[in-house]
Amino acid sequence: MLKKKIEILAPAGDFEKLKTALHFGADAVYFAGKNYGLRAFGTNFESMSIKDTMDYIHSHGKKGYVTLNVYARHNDFDGLKDYVQTLVDAGVDAVIISDLGIFSFVHENFPNLEIHVSTQANTTNAYAAKMWGKLGAKRIVLARELDIDEIKNITKQNPDLDFEAFIHGAMCISYSGRCLLSNYLTNRDSNHGECVQACRWKYSVTEESRPDEKLDLLEDDRGTYIFNSKDLCLIDYLDKIEEAGIFSLKIEGRMKSPYYVATVVNAYKRAYEHLEKCREEGKEYTVPEELKKELTKASHRKYTTGFMFSDGKPTQNYESSIQEQDSKFMAIVLKAENGRILIEQRNKFRLGDSLEILSPTDSFNKVIKVDRMEDEDGNIVEEAKNVQQKLWVYTDIPVEAGDILRK
């Protein structure tokens, strides 16, 4: 018996990405303020704007979780109480915490604030989950190193807890994200949100007695990528993940583009709706090829099922650390009226081009032929080449503000 309807949880690196996630069907978003999160180089949210952000989220009937998931040093507690009070006053639905000290501090001072235990806390067994629950946690974001049978065991023994798992996005090479490579090479602390993703760099090795001689370990003539993980993709397994007791399906990507957020959230939302339909009709869940193809249209490395459904294939992307995508973000729709749409340009296109619609509506994947285009003053435009220029494009296909055009 399934516990409750699943939650699709999307990353929100800034307000534009947050709006995009909600428009394309996310049930909740997670984001960071300027302090205490593990994406220090993201845009993130000013403390004063979090109240407005949460009001926006709640006005759409969705939830917002704020990360407090750094591993704290003693001076990190200076100002923590005031910051968490700001989050409480803003109405955040939960905070995501890794560090036991921060967990204890927040729970003691704000006993009514819901706490989710971050994947960085490395919860890999039922006893650890149970202890977090006794300490006051409402939800556990399980370690990514678990397979599906281990997850079933943990959730079965902890029926009073909610469980969350990553189902899509970049994977850290280190155990539950605990890495010192960035610290060592650049003096940027990955456990304080400053990771430079040094694992994606090119490496070679040397033998001790010949320090100036690089040994040949090349997969190609550009280098070897021994630390470079493939991206996680579990869209084929949503039925098994839900049946294993996972309530929240988490998408990685607070540093990714709005287009990435739109594409991935839209694909998983549609896949889950398809799963519900399969259950109603008593059919086996099989993902439509159209949705799997969607996930190649956003920036990604080669995909893997990671640890949850290991197929024996390498999880490392040995060929390259370069990301790829099959489509390009052309424009975002600002409004639609009287057979035309006002768009904000993001990449070059011109008259005669065909632009595909990315939308949560039935206009998904329909194509607009750009036969007529004007600027805001009514002048004819033949090529959209100025970044973020606002242009009118004419079409009879219904689209909504927030939809995306791609090529």
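**Close-up 1. Buried and exposed faces of helix α5 in the predicted model.** Helix α5 spans residues 126–135, and A126, A129 and W132 are buried in it. Seen down the axis of α5, these buried residues fall within an arc of 125°, so they line one face of the helix. An α-helix has 3.6 residues a turn, so residues three or four places apart point the same way. Y127 and K134 are exposed, and they sit on the face of α5 turned away from its buried side.

**Close-up 2. Surroundings and ends of α5.** At the start of α5, N125 places a side-chain oxygen within 3.1 Å of the backbone nitrogen of Y127. After α5 comes G136, which has a positive phi, near 120°.

**Close-up 3. Buried and exposed faces of helix α3.** Helix α3 covers residues 80–90. L80, Y83, V84, L87 and A90 are its buried residues. They cover an arc of only 115° around the axis, which puts them on the same side of α3. The face turned away from this buried side carries D82 and D89, both exposed. G91 follows α3, and its phi is positive, near 85°.

**Close-up 4. Crossing of α3 and α4.** The axes of the two helices come within 11 Å and cross at roughly 60°. α3 and α4 are therefore oblique to each other. The crossing in which α3 passes α4 is right-handed. From α3, the residues L80, K81 and V84 take part in the meeting, and from α4, I102, F105, V106 and N109. Of the α3 residues in this meeting, L80 and V84 are among the buried residues of that helix.

**Close-up 5. K17 and its contacts.** K17 belongs to helix α1, residues 15–23. Is K17 buried or exposed? Its relative accessible area is 9%, under the 20% limit for a buried residue, so K17 counts as buried. Leaving aside neighbours within four places in sequence, K17 is in contact with P11, A12, R254, M255, K256, S257, P258 and V261. One of these residues, K256, lies 239 residues from K17 along the chain, yet the C-alpha atoms of the two are separated by 8.8 Å. The side chain of K17 reaches the backbone oxygen of K256 at 2.7 Å.

Key:
Residues are numbered from 1 along each chain as its sequence is written. This is a predicted model: local features need pLDDT of at least 70, side-chain atom pairs count only at pLDDT 80 or more; totals for chains, interfaces and linings use all residues. Side-chain values use heavy atoms; hydrogens and water are left out. Buried means under 20% relative accessible area, exposed over 50%, partly exposed in between (1.4 Å probe, protein chains only). Helices (H or I, at least four residues) and strands (E, at least two) are DSSP runs, numbered from the N terminus. The arc is that of the directions from the helix axis to the C-beta atoms. Contact means heavy atoms within 4.5 Å. A polar contact is a pair of N or O atoms within 3.5 Å; within protein, one must be able to donate a hydrogen and the other to accept it, and residues adjacent in sequence count only if both atoms are side-chain atoms. Axes are lines fitted to C-alpha atoms, for helices over the stretch in contact, and angles run from 0 to 180 degrees between N-to-C directions. Angles under 35 degrees count as roughly parallel, over 145 as roughly antiparallel, 65 to 115 as roughly perpendicular and the rest as oblique. A crossing is left-handed if the near helix is turned anticlockwise from the far one by less than a right angle, and right-handed if clockwise.
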